[in-house]
Amino acid sequence: MTDSRRGTDAPPSPAERSPFADGAAFGVGSLPHRDPAAAAAFAIGEFDIATIPTLPARSSAEAMVAQAIAGLPGLSLLPDGSVTVEPSSVATDTPIATDVSQEAFVGMRAFLDLAPKVRLDGAPVKWQFVGPVTLGVALHRGGLPSVAAFDLAVRAIRSRLTALSAAIADVLPSSPQLVLLDEPRLDRLMAPDFPIPPDEAIDLMSSAMAALASTATVGVHCCKRSDLASMLASGPAVISVPVSADLVDWAGYISRFVADGGVIAWGAVPTDGPVGGSADRHWRALSDLWCSLVQRGCDPVTLRTQSLITPSCGLSAHSVSVARRLARQTNDVAKRVRDQAGATRFALGA
């Protein structure tokens, strides 16, 4: 297939390829560590793509919604993780400042402290932040009217993304960044009682991603089954979804997405249920899914070469030792994907 951006039928040369493809492994984000330095070492050492961690087991301030509302007047987090709102104190139009020295960003600070010591600059890094749909739902449930909740959500997310990306670039100026919006509430997007319609949710995600469009590769993560059409309509460069047989029903959307250069981060290693001793079962599940997608018209080459491999969700619910086992199973699946992708590129003469 001709790539209109290059005017040639040849695959891109190694220098042109994105570091966010070819089956590279990264983490979803949250880790179980209470020691930030140990978490940073794990995040850099256990994945192909260093993954800036959050540490909600260390402090509830590092939960994803808590990070987004840190320091915002009129908003606070209850012990159960829900937001409580004092409407009269909420500032709807004042600038939003992000202070990386806050308790909410200890995991990121530890990562950025370690990164220069291990000469990480130039290597790709991945991080994620709560998306505007999920944050807006939390603010609305906390007591803000729907319009105010989602307006504040997208404004806060855009401001946070810009500030955090700049903080990372200050320490790692040569490292390409992959940033994923974490949107677990997309699983309810089509429910009749969802507070906003799908087209508004799509616009919110698009607006948030646009804040980093010129400085990072940006996408959307949802660790639950969701409406893939809406996720893709928001314009991500990468989508992150758990491996599930029902993805076959979205084969047409997936085929068009990868044909247009999109990358899929396959959540190939489940993070719930029993943890096995090897990655064989997870590799078979991914291979079976790909076979089914190919039967529905997806290109087998792009499925492999335009892929990333992850755990299905964060690892914070596990012990550190189990988290390490899950990370290494993720790497095992990723290696098998890379072997296939490399063989494919060799056959194509890349």
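Which strand or helix gives the largest share of the lining of the largest cavity? That's β5, with three residues. Keep in mind that this is a predicted model: local features need pLDDT of at least 70 and side-chain atom pairs count only at pLDDT 80 or more, while totals for chains, interfaces and linings use all residues. Residues are numbered from 1 along each chain as its sequence is written, and side-chain values use heavy atoms, with hydrogens and water left out.

**Terms**
- On a 1 Å grid over the protein atoms alone, a cavity is a set of points where a 1.4 Å probe fits but cannot get out; a pocket is an open set with protein on both sides within 12 Å along at least five of seven lines; lining residues have an atom within 4 Å of a point.
- Points are joined across faces, edges and corners, and a volume is the space filled by probe spheres set on them.
- Helices (H or I, at least four residues) and strands (E, at least two) are DSSP runs, numbered from the N terminus.

**Cavities**
- There are two cavities of 30 Å³ or more.
- The largest cavity comes in at about 90 Å³, and Pro53, Thr54, Gln67, Met108 and Gln128 are the closest to its centre among 13 lining residues.
- The second largest cavity has about 70 Å³, with Gly27, Val28, Gly29, Leu31 and Phe47 the closest to its centre, again out of 13 lining residues.

**Second largest pocket**
- This pocket has a volume of about 780 Å³.
- Its lining takes in 37 residues, and Ala63, Met64, Val65, Asp182 and Pro184 lie nearest the centre.
- α4 gives the largest share of that lining, five residues.
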